[in-house]
Amino acid sequence: PTITTEWNGASALISEKEGFVIDEPRNIPALTTSIRSLFDSSLRKEMKINARVKIEGFTMEKNVDEMERIISSTI
């Protein structure tokens, strides 16, 4: 599972099934709540599996193909 903030691009990829997105880096209560939630081993395991399944779809090959498609479409 991931804990991140809305301040970066990773937050667009993370749903409540894979981790926690807090509103800002200095929100200590939200960070604390997120960390404490991960003490629940069943929740942590479920989120870990969901995150792994999701990230497996983001391969280097897919990234290169998408970049080539974008560059080709602008030329």
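# Close-up views of a predicted model

**View 1. Ser11 is a buried loop residue.** Ser11 has a relative accessible area of 17%, so it counts as buried. Keep in mind that what you're looking at is a predicted model. You'll find Ser11 in the loop between β1 and β2. Skip its neighbours within four places in sequence, and Ser11 is in contact with Thr4, Thr5, Glu6 and Val21.

View 2. Thr4 belongs to strand β1, which covers residues 2-5. Its relative accessibility is 10%, so Thr4 counts as buried. The side chain of Thr4 also makes a polar contact, at 2.7 Å, with the side chain of Asn8. Which residues does Thr4 touch, not counting those up to four places away in sequence? They are Ala10, Ser11, Ile14, Phe20, Val21 and Ile22. Ser11, the residue from the previous view, is on that list.

**View 3. Lys54 and Glu18 link a helix to a loop.** Here the side chains of Lys54 and Glu18 meet in a salt bridge, at 3.0 Å from N to O. Lys54 lies in helix α2 (residues 41-55) and Glu18 in the loop between β1 and β2, so this pair ties together parts that are 36 residues apart in sequence. Are the two partners buried or exposed, or something in between? Glu18 is buried, with a relative accessible area of 9%, whereas Lys54 is partly exposed at 32%.

**View 4. Glu56 and Arg52 form another salt bridge.** The side chains of Glu56 and Arg52 come together at 3.0 Å, again going from N to O. Glu56 has a relative accessibility of 47%, which makes it partly exposed. Arg52 comes in at 54%, so it counts as exposed.

**View 5. Glu66 pairs up with Arg69 inside one helix.** Look for the salt bridge between Glu66 and Arg69, where the closest N and O atoms are 3.0 Å apart. Why are these two about one helical turn apart? Because they are three residues apart in helix α3. Both ends are partly exposed: Glu66 has a relative accessible area of 34%, and Arg69 has a relative accessibility of 48%. How many salt bridges does the count come to? The answer is three.

**View 6. Glu16 is out in the open on a loop.** Glu16 sits in the loop between β1 and β2, with β2 covering residues 19-22. Its relative accessible area is 63%, so Glu16 is exposed. Now pick out Glu66, the residue from the view of helix α3. Going from C-alpha to C-alpha, Glu16 and Glu66 are 26 Å apart in space. Along the sequence, 50 residues separate Glu16 and Glu66.

**View 7. Lys62 places its charge over the ring of Phe58.** The charged end of Lys62 sits over the Phe58 ring, 5.6 Å from the centre of that ring.

View 8. The mean pLDDT of the chain is 93, and 100% of its residues reach 70 or more. Which element has the lowest mean pLDDT, and which the highest? Among the elements of the chain, helix α3 (residues 60-74) is the lowest with a mean of 92, while helix α1 (residues 28-37) is the highest with 97.

Technical notes. Residues numbered from 1 in each chain as written. Predicted model: local features only at pLDDT ≥ 70, side-chain atom pairs only at ≥ 80, totals over all residues. Heavy atoms only, no water. Helix = DSSP H or I, 4+ residues; strand = E, 2+ residues; numbered from the N terminus. Buried < 20%, exposed > 50% of the residue type's maximum accessible area, 1.4 Å probe, protein only. Polar contact = N/O pair within 3.5 Å; in protein donor to acceptor, adjacent residues only side chain to side chain. Contact = heavy atoms within 4.5 Å. Lys NZ or Arg CZ within 6 Å of the ring centre and 35° of its normal. pLDDT = per-residue confidence, 0-100. Salt bridge = Lys/Arg side-chain N within 4 Å of Asp/Glu carboxyl O.
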